[in-house]
Amino acid sequence: MKNFIALLIVLSCLFYSFSTFAVNVNTASAEEIAEELKGIGAAKAGAIVRYRKEMGPFKSLEELTNVKGIGASTIDKNREKIQLGVEE
């Protein structure tokens with residue numbers, strides 16, 4: 001029983017850590033995007049949110065390169081942290 005409880009605690013911590021560091025660019029605020037993604041400050045994060053409002057949700061990571069100032073290297077640095085799915 002102790003092992004089962006310990007396993008639940010570890011899994012809960014892992015789930016929390018993964019959810020804390022990922023950012024959904026289709027739902028996050030500019031502040032959240034700037035805080036979580038490397039190489040993206042307030043101006044670029046604002047551009048991501050404006051693009052999303054004008055063009056609709058991002059369907060692929062590569063679509064982020066349509067935002068001025070966001071290139072392939074920025075995407076590569078943040079690939080593991082970017083989520084696209086719409087949260088319910």
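This is a predicted model: local features need pLDDT of at least 70, side-chain atom pairs count only at pLDDT 80 or more; totals for chains, interfaces and linings use all residues.
The protein chain contains four helices and two strands. In sequence order, these elements follow the pattern α-β-α-α-α-β. The chain comprises 88 residues, of which 32% are buried. Among contacts with a separation of 6 or more, 45% are between residues 24 or more positions apart.

The largest nonpolar core has 18 residues, and the members that touch the most other members are Ile33, Ile48 and Leu64. Helix α3 (residues 42–55) provides the largest share of this core, with five residues. When residues up to four places away in sequence are not counted, Leu64 touches Val25, Ile48, Phe58, Ile70, Ile75 and Ile82.

One aromatic pair was found in a search of the whole structure. The pair is formed by Tyr51 and Phe58, with ring centres 5.3 Å apart and planes at 15°; the arrangement is therefore stacked, given that planes under 30 degrees apart count as such. Both Tyr51 and Phe58 are buried. Phe58 is also one of the residues touched by Leu64.

Val67 lies in the loop between α3 and α4 (72–78). Its relative accessibility is 4%, so Val67 counts as buried, the limit for this class being under 20%. Apart from neighbours within four places in sequence, Val67 is in contact with Ala47, Ile48, Tyr51 and Phe58. Both members of the stacked aromatic pair, Tyr51 and Phe58, are thus on the contact list of Val67. Ile48, another residue on that list, is also touched by Leu64. For Val67 and Ala47, which are 20 residues apart along the chain, the C-alpha atoms are separated by 6.6 Å.

A further pair of positions involves helix α2 (residues 30–36), where Glu32 is placed. Glu32 has a relative accessibility of 42% and therefore counts as partly exposed, a class that lies between the 20% limit for buried and the 50% limit for exposed residues. The C-alpha atom of Glu32 is separated by 8.4 Å from that of Ala45, the two residues being 13 residues apart along the chain.

Charge pairing was examined next. Side chains of opposite charge can pair when their charged atoms come close. A search of the whole structure gave one salt bridge. This salt bridge joins Asp76 and Arg79, whose closest N and O atoms are 2.7 Å apart. Asp76 has a relative accessible area of 49% and is partly exposed. Arg79, with a relative accessibility of 34%, also counts as partly exposed.

Notes
Residues are numbered from 1 along each chain as its sequence is written. Side-chain values use heavy atoms; hydrogens and water are left out. Rings of Phe, Tyr and Trp (its six-membered ring) pair if their centres lie within 6.5 Å; planes under 30 degrees apart count as stacked, over 60 as edge-to-face and the rest as tilted. Buried means under 20% relative accessible area, exposed over 50%, partly exposed in between (1.4 Å probe, protein chains only). A salt bridge is a side-chain nitrogen of Lys or Arg within 4 Å of a carboxyl oxygen of Asp or Glu. A nonpolar core is a set of buried Ala, Val, Leu, Ile, Met, Phe, Trp, Tyr and Cys residues joined through side-chain atoms within 4.5 Å. Contact means heavy atoms within 4.5 Å.
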